[in-house]
Amino acid sequence: MTEHDPFERQLRVGLAAERAPDSLRRRIAEIPLEHLRPARAAGAPSRLFGALFARPGVSWATSFAAAAASLALGVWLGMAGLASTDTGGGEDALVALVFSDTPTTIGDVQ
Amino acid sequence: MRTDDVDDDAQLLRAVADGDRRAFDRLSRRHLDRAYGVALRVTGNRADAEDVVQEVFLRVWQRPDAWRPGQAQFSTWLYRVVVNRCLDLKRRPKAGALDAIAEPEDPRPNAEMDLVAAAKQRALNDAVSALPERQRAAIALTYTAGLKNTEAASALDISVKALEALLVRAKRELREALARQGWVQT
């Protein structure tokens, strides 16, 4: 039997779904009102994370990539600081750079 | 999420899980007519069909996680729950229930033709109601819900071959029943 078969066509027309009664529509529409359900509870960490990243257009992947990049940068800066051979003259160098005519160590003051 | 723009059942279900009433409303409006149509065909009774459909949508609201994406389409799962609930009722159609299934509206103005179409529709309703439950469910899922054979088989939790066998037997019985009353030729 194919869809061109008159009997098949008769079944499709005769057995098609009719519109559900309005009384049932109302009963279904009232389900959320009659059966109140609290939104899923979220813990404090997830609420904080949600507040930070759950903006429209910011996907989880984007948020995760940004967090990973920040972490990598922090680690790199930290490692660079640890590997520095500057043993204490950092502040002096900064002062000398900004105030070129100011003595940068107590020893320079006679 | 703007649920007005969502066409995907899975997205709507996620919103329903978050308590979004508009998503539930949209989801129920999308599936209500066919779910009711299937329930009406399988139970043969309006009151039972309404109760079953309300119960099933209440379950969707309270337990949206009962449907798991990836197993079957939401609609297939929904009709499976509807059919199972109808079969659980284990009630035969009550006396007079067959007339409770309304005939589809016929736009033809001719009153005589209306009567003929109504009588033909009533004969079809009676013939469907006289089918065994499983055949009735197979017919309802295929012709009322408009599911493909694979989906209807999944909804009934049987193989496609088993569904096709049910449909062949059901259509043979329908054709014979309608032919006895002169509505179709054998």
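This is a predicted model: local features need pLDDT of at least 70, side-chain atom pairs count only at pLDDT 80 or more; totals for chains, interfaces and linings use all residues.
At the interface, 21 residues of chain A are in contact with 28 residues of chain B. On the side of chain B that touches chain A, at least two residues come from each of α2 (21-43), α3 (46-62), α5 (111-129) and α6 (133-144). The most is given by α2(B), which supplies 9 residues. By class, this side of chain B comprises 14 nonpolar residues, together with 7 polar and 7 charged ones.

Within chain B, α6(B) also packs against helix α8 (residues 160-180), the two axes coming within 9 Å and crossing at roughly 100 degrees. Because angles of 65 to 115 degrees count as roughly perpendicular, α6(B) is assigned that orientation relative to α8(B). The contact of α6(B) with α8(B) consists of 6 nonpolar, 2 polar and 2 charged residues. From α6(B), B:R134, B:Q135, B:A138, B:I139 and B:T142 take part, and they meet B:L163, B:L166, B:L167, B:R169 and B:A170 of α8(B).

A second pair in chain B is formed by helix α4 (residues 74-89) and helix α7 (residues 149-156), whose axes lie 8 Å apart at an angle of about 45 degrees. The helices α4(B) and α7(B) are therefore oblique to each other, and their crossing is right-handed. On α4(B), the contact involves B:T76, B:Y79, B:R80 and B:V83, while α7(B) contributes B:E151, B:S154, B:A155 and B:L156. Of the residues in the contact of α4(B) with α7(B), 4 are nonpolar, 2 polar and 2 charged.

Key
Residues are numbered from 1 along each chain as its sequence is written. Chains are lettered from A and ligands numbered from 1 in the order in which they are written. Two residues are in contact if their C-beta atoms, placed from the backbone, lie within 7 Å. Helices (H or I, at least four residues) and strands (E, at least two) are DSSP runs, numbered from the N terminus. Ala, Val, Leu, Ile, Met, Phe, Trp, Tyr, Cys and Pro count as nonpolar, Asp, Glu, Lys and Arg as charged, and the others, Gly among them, as polar. Axes are lines fitted to C-alpha atoms, for helices over the stretch in contact, and angles run from 0 to 180 degrees between N-to-C directions. Angles under 35 degrees count as roughly parallel, over 145 as roughly antiparallel, 65 to 115 as roughly perpendicular and the rest as oblique. A crossing is left-handed if the near helix is turned anticlockwise from the far one by less than a right angle, and right-handed if clockwise.
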